[in-house]
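Please open the model in your viewer and keep the selection tool at hand. The tour below goes from the whole chain to single side chains.

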Amino acid sequence: MRKYKIAVMPGDGIGPEVVKQAVKVLDKVGTKCGFLLEYCYADIGGVAIDKTGEPLPEETVQICKGSDAVLLGAVGGYKWDDLPGDKRPEAGLLGIRSKLELFANYRPAVIYQPLRDASPLKDRITRDGLDILVLRELTGGIYFGEKKRFIDDQGFAVAFDTMIYRKFEVERIARLAFEAARLRNGKVTSVDKANVLEVSRLWREIVIEVARDYPDIELNHMFVDNAAMQLVIHPEQFDVIVTGNMFGDILSDEASMLTGSIGMLPSASLGSGSLGLYEPVHGSAPDIAGQNKANPLAAILSVAMMLRYSFKLEQASKMIEDAVLQVLNDGQMTGDIATKEAKVIGCEEMGDAVAERI
Ligand code: IPM
Ligand code: MG
């Protein structure tokens with residue numbers, strides 16, 4: 001029987017509770033489809049800091065490198081907010097993405113019909129649904145450029161971060177955007193700030209160059225401020241949005257909220273091989289942690305992405321997505337997405353409900 005080795009990093013806040021439900025669903029799919037799953041748990045973020053003093057212990061990196069895929073909950077919380085930048089939980093997350101060279105972050109924002117009422121957008125905008133893929137460059141740009149804090153010679157406190165992209169970094173993410181569009185609706189919107197930033201002008205030139213290999217794909221360019229606006233007035237114009245690390249971080253939160261709740265948005269981070277890191281986009285939500293209130297669907301849908309992208313198990317992946325849709329259609333929802341008629345259930349019950357339908 002085929003066996004897959006999965007590194008599991010529950011992390012902080014609601015991370016552990018949503019990951020538990022995702023593992024439950026994964027086990028059920030494995031049983032149904034006849035493959036074995038072996039889990040190896042590792043620490044990242046705040047829990048890792050508490051145990052080892054480091055947000056990303058070397059042991060964790062090795063466990064991830066020795067796996068077929070990685071499942072992550074979330075990192076961060078009030079407790080670690082005052083630590084210096086490189087010792088914060090978030091540094092663990094940025095670190096593992098970088099160490100595994102996962103430069104491409106896929107964040108699909110889809111409106112599920114039963115959740116149409118949960119979207120903050122007017123019905124006339126969401127009537128025909130919404131299906132946008134935000135493809136965020138994940139290991140470059142301003143999150144990884146040189147940064148410094150110092151006192152200048154006049155005694156003023158100064159800080160800087162540097163936005164930097166190399167040609168090959170833009171090329172490879174652009175290529176993936178066109179490839180993704182081919183399997184979708186054939187349209188790529190590259191988002192930049194080329195009216196101001198030199199990095200963006202380089203970005204745009206390279207995207208145009210790569211586009212020559214994809215004459216079947218429609219390409220357009222948009223400034224990031226305009227893109228933020230277009231997402232709320234005409235989201236239906238987007239198919240694949242490809243953009244740099246910071247713009248992608250911001251726009252993917254916006255796109256996710258259009259679907260009703262950030263609690264619904266899964267993500268896949270991939271590099272050039274099949275090893276991928278799968279995580280919900282929502283973060284650690286320390287205010288509701290441990291209360292069985294969190295929505296595990298983003299984590300569960302992340303596992304569906306794992307089956308599709310890392311293991312090429314399309315049918316098994318689809319089983320999870322169909323089960324999620326069924327639960328929503330049956331009106332069972334966690335508090336964050338609950339429509340008027342919904343029966344509100346907790347995190348654990350949501351995991352059970354999805355697993356039962358597989
Ligand atoms: C995300 C998060 C992270 C990021 C943080 C927690 C470092 O916001 O995955 O979008 O900025 O990438
Ligand atoms: Mg973010």
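What percentage of the 358 residues in the chain do buried residues make up? The buried share is 53%. Keep in mind throughout that this is a predicted model.

**Whole chain**

Start with the C-alpha trace. Along its principal axes the trace spans about 60 × 50 × 40 Å. The radius of gyration is 20 Å, which agrees with the value near 21 Å that a compact globule of 358 residues would have. Switch to a cartoon view, and the chain shows twelve helices and 14 strands.

**Salt bridges**

Now display the charged side chains. Side chains of opposite charge can pair when their charged atoms come close. The model has 28 salt bridges, and a few of them are visited here.

Select Arg184 and Asp131. These two residues form a salt bridge, with 3.2 Å between the closest N and O atoms. Arg184 lies in the loop between helix 6 (167-182) and strand 8 (187-192), while Asp131 belongs to strand 5 (residues 131-137), so the pair ties together parts that are 53 residues apart in sequence. Both ends can be checked on a surface view: Arg184 is partly exposed at 24% relative accessible area, and Asp131 is partly exposed at 39%.

Next, select Lys167 and Glu209. Their side chains meet in a salt bridge, at 3.3 Å from N to O. Lys167 is in helix 6 and Glu209 is in helix 7 (residues 198-211), so this contact ties together parts 42 residues apart in sequence. Lys167 has a relative accessibility of 41%, which counts as partly exposed. Glu209 is partly exposed too, with a value of 36%.

Stay on helix 7 and select Glu198 and Arg201. Here the side chains meet in a salt bridge with an N to O distance of 2.8 Å. What separates Glu198 and Arg201 along helix 7? They are three residues apart, so the separation is about one helical turn. Is Glu198 buried or exposed? Glu198 is exposed, at 55% relative accessible area. Arg201 counts as partly exposed, at 31%.

Then select Lys20, Lys24, Glu348 and Asp352 together. Salt bridges that share partners join these four residues into one network.

Hide the surface and look inside. Colour by element of secondary structure next: strand 8, helix 7 and helix 9 (245-258) each give two or more residues to the lining. By residue type, the lining divides into eight nonpolar, five polar and one charged.

**Cysteines**

For the last stop, select Cys33 and Cys347. The structure holds zero disulfides. Cys33 is partly exposed, with a relative accessibility of 33%. Cys347, by contrast, counts as buried, at 1%.

Conventions
Residues numbered from 1 in each chain as written. Chains lettered and ligands numbered in written order. Predicted model: local features only at pLDDT ≥ 70, side-chain atom pairs only at ≥ 80, totals over all residues. Heavy atoms only, no water. Helix = DSSP H or I, 4+ residues; strand = E, 2+ residues; numbered from the N terminus. Buried < 20%, exposed > 50% of the residue type's maximum accessible area, 1.4 Å probe, protein only. Nonpolar A, V, L, I, M, F, W, Y, C, P; charged D, E, K, R; others polar. Disulfide = S-S within 2.5 Å. Rg over C-alpha atoms; globule rule 2.2 N^0.38 Å.
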